[in-house]
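Please keep the structure open beside the text.

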Amino acid sequence: MAPSTALWSFALVVGLLTLTPGLDTALILRTSALGRRRRAWGVVLGIQTGTLLWGALTSVGVTALLTASHFAYETLRWAGAAYLVWTGLRMLRATFGGGSAPEAAAPDARPTTDTADTAGGGWRQGTLTNLLNPKMGAFYVALLPQFIPPGSNHFTMGLLLTSVHILLGLVWSSVLIACARALRGWLSRPAARRLLDRVTGTVVAAFGIRLALGD
């Protein structure tokens, strides 16, 4: 397989994966729709940071150890599941009991670390969400080597392929953020914000439960 053919083939596969709605899509849409533009881009960059790390680790063979070691995989799986369930339940809890989601608080309320419109906070959330998903590692271990042409530098080609995935992710995230801005008028109502957080919190917690069950 020629390098150019490998790049186009890999782009097709990960492009379809990128377009498939999932946890990343939910986090980006929710953050952006609530008007947290800087934080939304932080989430995007964090997700792509995690993708870059998974790709780099796969290229040097480290993640192969993860799939080979049942204990290591199970440890990461349970850590990721716990993080996702905790994140989802926090979103849900903030919308019940007569309260509202953190983003629906009064305009003069002091933002917390988790709700402030900062790129750094979003980056940490996106990076943790991606890195604590062992299925990302398993995906790269299973897929990436199939697109590295024989005789090429494994690490260099692996990073090049990963860069294609990141580029597609950035483009699609830009579309999501642009579309989410159209919802800001509707989300100016506290009831709409609570609904969005309940939907997103349920999706995030469900991903965590699914990961814990090994589905």
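Predicted model: local features only at pLDDT ≥ 70, side-chain atom pairs only at ≥ 80, totals over all residues.

Residues are numbered from 1 along each chain as its sequence is written, and side-chain values use heavy atoms, with hydrogens and water left out.

The chain has 9 helices and 0 strands, where helices (H or I, at least four residues) and strands (E, at least two) are DSSP runs numbered from the N terminus. Of its 215 residues, 44% are buried; buried means under 20% relative accessible area, exposed over 50%, and partly exposed in between (1.4 Å probe, protein chains only). Among contacts (heavy atoms within 4.5 Å) between residues at least 6 apart in sequence, 85% join residues at least 24 apart.

Now step inside. Leaving aside neighbours within four places in sequence, the contacts of Phe 10 include Leu 143, Phe 147, Leu 161 and His 165. His 165, in helix α8, is buried, with a relative accessible area of 8%. Beyond four places in sequence, His 165 touches residues including Phe 10, Val 14, Gln 48 and Tyr 140.

Next, find helix α9 (residues 190-213): its 24 residues reach 34 Å from first C-alpha to last, close to the 34 Å expected (1.5 Å times one less than the number of residues). Its buried residues include Arg 193, Asp 197, Gly 201 and Leu 211, and what covers the buried residues of α9 includes α2, α5 and α7. Just after α9, Gly 214 takes a positive phi of about 80 degrees.

Val 62 lies in helix α4 (residues 62-68) and is partly exposed, with a relative accessible area of 40%. Together with Leu 53, Leu 57, Val 60 and Phe 155, Val 62 forms a nonpolar patch with about 380 Å² of accessible area. Patches are made of residues with over 30% relative accessible area and no salt bridge, like charges being joined within 9 Å and nonpolar side chains (Val, Leu, Ile, Met, Phe, Trp, Tyr) within 5 Å. A salt bridge is a side-chain nitrogen of Lys or Arg within 4 Å of a carboxyl oxygen of Asp or Glu; accessible areas come from the Shrake-Rupley method with a 1.4 Å probe, and for residues only the protein chains shown count as cover.
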